[in-house]
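Reader: I'm new to this one. Could you show me how to read a few of its features?

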Amino acid sequence: MAAIVLESISKYFGTAAAVDNANLEVETGEFVTLLGPSGCGKTTTLRMVAGLEQNSTGRISIGGEVVSDAAQGFFIPPERRQLGMVFQSYAIWPHMTVFDNVAYPLRIRRKSSQEIKDRVTNALRLVEMERFADRPAPALSGGQQQRVAIARALVFEPRVLLLDEPLSNLDARLRTQTGDEFRQLQKRLGITSLYVTHDQGEAMALSDRVVVMSLGKILQVGSPEDIYRRPHSREVAAFFGSPNFLEAEVKDCRREENGSYRLDLDGGWKGLCHASGELAPGSKALVMVRPENMYLKSGDRVYGGGMSWNGIVKESIFRGANRSVSIDTAAGLLHIELNALSNPRPGENIEIFAAENSAWAVPA
Amino acid sequence: MTDNTAGALPGRNIAALGSASAVQTWPSRYLSGKNVLVATLIVILGFLAVYPLAMLFYGSLHSTPPGMAGEFNLNGYRSIMNWTNFVVLLNTIGISLAKTIPSLALAVLLAWIIARTDTPWRDKLEVLITLPFFIPPILTAMAWGMLGNPQVGLLNQVWKWMTGATVSPINVYSYGGIIWHMMQYSTPFLFLFIVDIFRAMDPSLEESSRMCGASRWRTFRNITLILMLPALTNSFILSLIRGIESFESPLFFGTPAKIEVITTEIYNSINHRATPDYQYATALSFAIMVLMFVLVVWQWWLLKGRTFTTVTGKGYSPNIMKLGPWKWVTFGFCILFFIVTVVLPVGQLIIGSFFKFFGFYSWDMLTTEHYVAVANNAEVWRAFFNTMLLGLLGATAVMTLGSIVAYVSIRTKWRGRRLIDALAWLPWMMPGMVLGIGFLWAFAMLPGPIPIYGTIWALMLAYVALGTPISVRVMSSAYAQLAYDLEECSRVHGATFFQTMWRILIALAWPSFAVGWVLAFFGIMRELSASILLYSVGSEVLSVVLLRLWSNGLAEQVSVIGLMMMLLVILFRWVQLKLIKSRISTL
């Protein structure tokens, strides 16, 4: 059973649509991330699930129960939705101790003091903060506050956990570590989580599925690998890293067994690649090849399918772990990431190639 | 912080590169100019605050009025230790408490309505609600004296006409009247503090409580109110202090009913006795200073380490509660507050100015003779020009002094800046009445022929002293919003210290300066308690003339002058709001 169902929900501020006709299903136990640049409507979507904003159209259900239906004028306020939420600022109440902060949801629910003590201690142990129970909340570091916020959100065993950019206020190293720890905890508890971030790396590393949003619309929903390697549109493709885009004409298009399409292309060069939708022969396609999936052709190794280009090295920048090289080819200027040890010099004529399974076409 | 990062290494390099002579002469010249400025400020502030305070102490031990030969004794302190004065003390504290508590509750309610609900036209309502704070209390005191007069008050007349009753329900000459009148000032005063706290609070602190399952009301009690508690406590004590200092309300409504508080007791002992008892009044003033000091220490102690940072600086709008049809109830409530605190008194002034005798409202009594009388009254014109002159010069002087003091105390690391800050803050604890007496002694004790007493400059000095704590505060917060980088960047790009001050700091801080200037002007225009002690023939100000006319029973002419002052208040308030708006859009 789906834990969260959004059915064509929209949110208008005045006449501007912050979220425009979004549909989404989140399965029980799943970790789904809403990803997009700031102002894309991801936080508004999360707040509508929370009940902190009222959706202008559509219906929201949590755990099979409708919590908001704009057409019926039906709306359950946030305190009755049984959700846990971690805020970007953590919202740790400065006038309470760590223990009181975490105990708050239980006190609201009038649990016995023994039960409160047990469950708060458990929750704090879960995030390794039990030693800090008696600290006043302002005496915590950012990372510790974040853990307390998670403990508070989990302590009453909510149906769903909502997280609004919970890692964005931490420094880079702590961010990775805390993210990984949280993902393990989430898997262990099997708690359905809806997570908002603008950080692509975070979304990739943590999620079961990623929802890419832009300008209030959902562009694509899929596993991190799908989103990264098999985007439906140029917009989604360009959102991650800075891929090469090559214009080409479709010569042939065949359906594969796994549901994708295999294309034969001509853009002054010839090659094979895949696409998610059918592209009619003769139509224009845009081929996405990521810089890290291109290789220098050397010796007489045999390369299965794919495509290759000849060109002159324009620039070669050593970056430590790898080397960024730009190559002037008939298809335009291509950027590739090479092993730092190979060292093509500017002016040198080289041949590069991309395997068939790493090139992906989207409609131009 | 910037000193460590920016100053450490590059500073040493520059010193090593520069010639030896430049390194020696530049700082020493700089230091001396700086010392002269600091010394000047200390002398000025010392004269404005410490000198009158010291003279107050001197006077309390001196047996004769200022400027006469006498002996030193403790008679003053002995004479204030009696049962009557104990009642006066209880009255003072009791009345102040009795007005502060309901005012605070009302201010929280109004601030919540304005900052956190979808009540229609909230921005306009906010302007209306805060307006009473800017009206001189003497005006509303007189208006309420006419509205709530037990014999002929308009409200009583209307009530009797409507119900046929013969007994007047309202008598403003009572404890209730004093408290009622004080509340009209303290509510908007507290509102101004509280509404910003409501606005600045990080909304996620409340939202997370709702997500934890707490209802709106519970969240308000458990989170919002508790988080505001330090700020509320602070406002509570401030309002309590203002209540103890208050002079107009007890003078107008207490004295006729034989209810005395400390300020009116001081006033009476000088003005309403066969021989003014200066030693008694001075000793009493010193006693009120002690009370103030205790309150201020209490305030510090309460606030120690209790300021919750709830402001994250993230540009979220605060949670707005949708009230549905109830929003018209809250709207009506705000309008009712405005009607009671502004429309009723101002309406009374308008009515009062057009009838021959106050209290007798019939068609054949309509007249404009009071306007003619006021226009032909040379004393009123003189007082008007004095007030304008003092207001314009005084506000400029207060703000200039405040800007310099604030700059030295928060943007430099000069030695002596803490002393300057403390000196500038000292008059905050002195009620106008007390400062007035202090200056009476101070002027009388000035060596040689320095004829300050009896001129309007005596009033000017008192106004500058009374206004400085507020002007320093206004300018401090203006400077605090400007990052050091702005100044440093200007210096790095070749501007001198004074160019930087003029083109960067003043250019950015002038809206605050202007807003503070208007506040200072209001302060001077409404000041009564120090003026009444320091004025003399020829240097009257409007508030003093109003009080004299009122005591002579000329309530109708009082109404005319009151309306003139009201027009000024509205004009300046309008200018101030325009400035605030333009500042928000540019910063």
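Predicted model: local features only at pLDDT ≥ 70, side-chain atom pairs only at ≥ 80, totals over all residues.

Reader: How far apart are B:Phe189 and B:Phe193 in helix H8 of chain B?

Author: They are four residues apart in that helix (residues 175–200), so about one helical turn separates them.

Reader: And how do I describe two rings as a pair?

Author: You give the distance between the centres and the angle between the planes. For B:Phe189 and B:Phe193 the centres are 5.4 Å apart and the planes stand at 70°, so this pair is edge-to-face. Now look at B:Phe439 and B:Phe443, a stacked pair with 5.2 Å from centre to centre and 20° between the planes. Those two are also four residues apart, this time in helix H18 (residues 432–444) of chain B. B:Phe439 is buried at 0% relative accessibility, and B:Phe443 is buried at 5%.

Reader: Which aromatic cluster do B:Phe189 and B:Phe193 belong to?

Author: One that also includes B:Phe133, B:Phe134 and B:Trp517. B:Phe133 and B:Phe134 are among the buried residues of helix H5 of chain B.

Reader: What about sheets?

Author: Strands in a sheet pair through backbone hydrogen bonds, either parallel or antiparallel. Chain A has an open sheet of six strands with mixed pairing, in the order S7-S8-S9-S3-S10-S11. Its edge strands are S7 (83–86) and S11 (217–222).

Reader: How do S8 and S9 of chain A run, parallel or antiparallel?

Author: Parallel, with five bridges joining them. In this pairing, A:Leu161 stands opposite A:Ser193.

Technical notes:
Residues numbered from 1 in each chain as written. Chains lettered and ligands numbered in written order. Heavy atoms only, no water. Pairing = 2+ DSSP bridges. Buried < 20%, exposed > 50% of the residue type's maximum accessible area, 1.4 Å probe, protein only. Phe/Tyr/Trp six-rings, centres within 6.5 Å; stacked < 30°, edge-to-face > 60°.
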